[in-house]
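Work through the exercises below with the sequence and the structure at hand. Each task is followed by a solution in steps.

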Amino acid sequence: MRQQVLDVLHLLDATPAPRGKERTAAHRLRAWCAQRWPHVEWQVVEHGPAGGSLIAAHGAGPLLYSHLDTSLDDGGAHNQLITGNAAPVAPLGVDGDVVAGFGLGVARGPAAAALVAFAEAGAGRLLLAGSGTHRRSGGVTGLEAYLDAYPLPHSAIVAKCGPPTLLWHEPGAFYLSVRVTGRSGAAMMPRSATPPGGVVARAGVVLDELARWRTAYLAADPQNGQTGRACGIGAISGGWPDKPDLLPAQLRIDLYVVAGDRLDPAELAAGLADRLRARCAKSVLRDCTVEVEAEPVAPAAATDADAPVVTAARAAWCEEFGVKPPPITGWTGSTDGVVLRARGVDTVRLGPQARPAADDPRRDALSLGQLTAYARIYRRLLTELPA
């Protein structure tokens, strides 16, 4: 099983699969799987202009789910904005028990373990979906396209990296866009802009109030179940880099917000807008307008801790690791498990733990022994859960 997982990882590493552009990778993976496991009918389901998912079934059993796309595209134009490094990323490497490569954490490592587990199980269904990572205005995901076209499974296992335990409760997530708008001007005449010097030069006022709001937001976390709250500023923009002699009229700040409790994103955005307006009114930004817009990703959702899929996963964990899965609170990672639960599908999530590779933080490092252990758990769940 270890070697088969490695073989899949090498294949995935050879073909970029950025979000919404997984079709080529899906077809190459299907062809390889059809040669390796010809008794299985492997299919590619296409969605969007270039999206694609790999699916297969051994009857109507539980769904084993992971995704093909990576958070970033190795070599993509936007990567350097996140990583600060334009150098090529090294290919997949193996050193003893450690495998390191691009996109292993999200989500090639657990996806490879899931694929091998399904091929060996001879039971259940497999979906390695396209468009599984969060993206603003991302359109239909591979999971949504699959659930719209095929019968809903009774239960699902999400194969994703995460904490060293089982998750049956996952937080929801949404984006917030903050826009502070004044008047444009010219850098050689700073007072021609509103505020003088331009709105971008006064970003500190907005960032300081956002930090205060974030502290209050996190402190109000009811900490129910396994999940918690999180919030971070992921992007700041304003102006035109090719023409910095012009002072822009608008500052934009984008945030990613996680909530383990059920919140109304629009209501939260309205409260933040009121708070920012009050702060700006007492500063040089008093003559600027403030708008905050929310874009929901998915609400928080939970499966009953005693649901058959959770009970079976707990037993498989104990059998594999010799101990009970440890309790967890405050988990802030949101995945497509919330989409499955919203459709009424009992879902459990479990998978290996990734860390940044020592030589390059753009690469992830995983234990092959751990990957294989999770593959055995996935295989057992596929064979033991009722159809």
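**Exercise 1: the largest pocket**

Task: Find which helices and strands each supply at least two residues of the lining of the largest pocket, then describe that pocket.

Solution. Step 1. Four elements each supply at least two lining residues: helix H3 (79-83), helix H4 (104-121), strand E11 (230-237) and strand E13 (250-259). The model is a predicted one.

Step 1. The volume of this largest pocket is about 1,600 Å³. Its lining consists of 46 residues, and those closest to the centre are Ser71, Leu72, Ile82, His134 and Arg135.

Step 2. Sorted by class, the lining of the largest pocket holds 15 nonpolar, 19 polar and 12 charged residues.

**Exercise 2: the second largest pocket**

Task: State the volume of the second largest pocket and say which element gives the largest share of its lining.

Solution. Step 1. The volume is about 370 Å³.

Step 1. Of the 25 residues in the lining, Thr141, Glu144, Val297, Ala298 and Val339 lie nearest the centre of the second largest pocket.

Step 2. Both E14 and helix H9 (337-342) supply at least two lining residues each. The largest share is that of E14, with 4 residues.

Step 3. By class, the lining of the second largest pocket has 8 nonpolar, 10 polar and 7 charged residues.

**Exercise 3: salt bridges**

Task: Count the salt bridges, then examine the pairs formed by arginine 179, aspartate 208 and arginine 252.

Solution. Step 1. Side chains of opposite charge can pair when their charged atoms come close. The cut-off is 4 Å from a side-chain nitrogen of Lys or Arg to a carboxyl oxygen of Asp or Glu. By this rule there are 19 salt bridges.

Step 1. Arginine 179 pairs with glutamate 293 at 3.4 Å, N to O. The two residues are 114 residues apart, with arginine 179 in strand E9 (residues 172-181) and glutamate 293 in strand E14 (residues 289-298). Arginine 179 has 18% relative accessibility, so it counts as buried, whereas glutamate 293, at 48%, is partly exposed.

Step 2. Aspartate 208 and arginine 279 meet at 2.8 Å, N to O. Aspartate 208 is partly exposed at 31%, and arginine 279 is partly exposed at 26%.

Step 3. Arginine 252 and aspartate 254 form a salt bridge at 2.9 Å, N to O. Arginine 252 is partly exposed at 24%, while aspartate 254 is buried at 11%.

Step 4. Shared partners join salt bridges into one network of Asp208, Glu209, Arg212, Arg275 and Arg279.

Methods:
Residues numbered from 1 in each chain as written. Predicted model: local features only at pLDDT ≥ 70, side-chain atom pairs only at ≥ 80, totals over all residues. Heavy atoms only, no water. Buried < 20%, exposed > 50% of the residue type's maximum accessible area, 1.4 Å probe, protein only. 1 Å grid on protein atoms, 1.4 Å probe; cavity = no way out; pocket = protein on both sides within 12 Å on 5 of 7 lines; lining within 4 Å. Points joined across faces, edges and corners; volume = space filled by probe spheres on them. Nonpolar A, V, L, I, M, F, W, Y, C, P; charged D, E, K, R; others polar.
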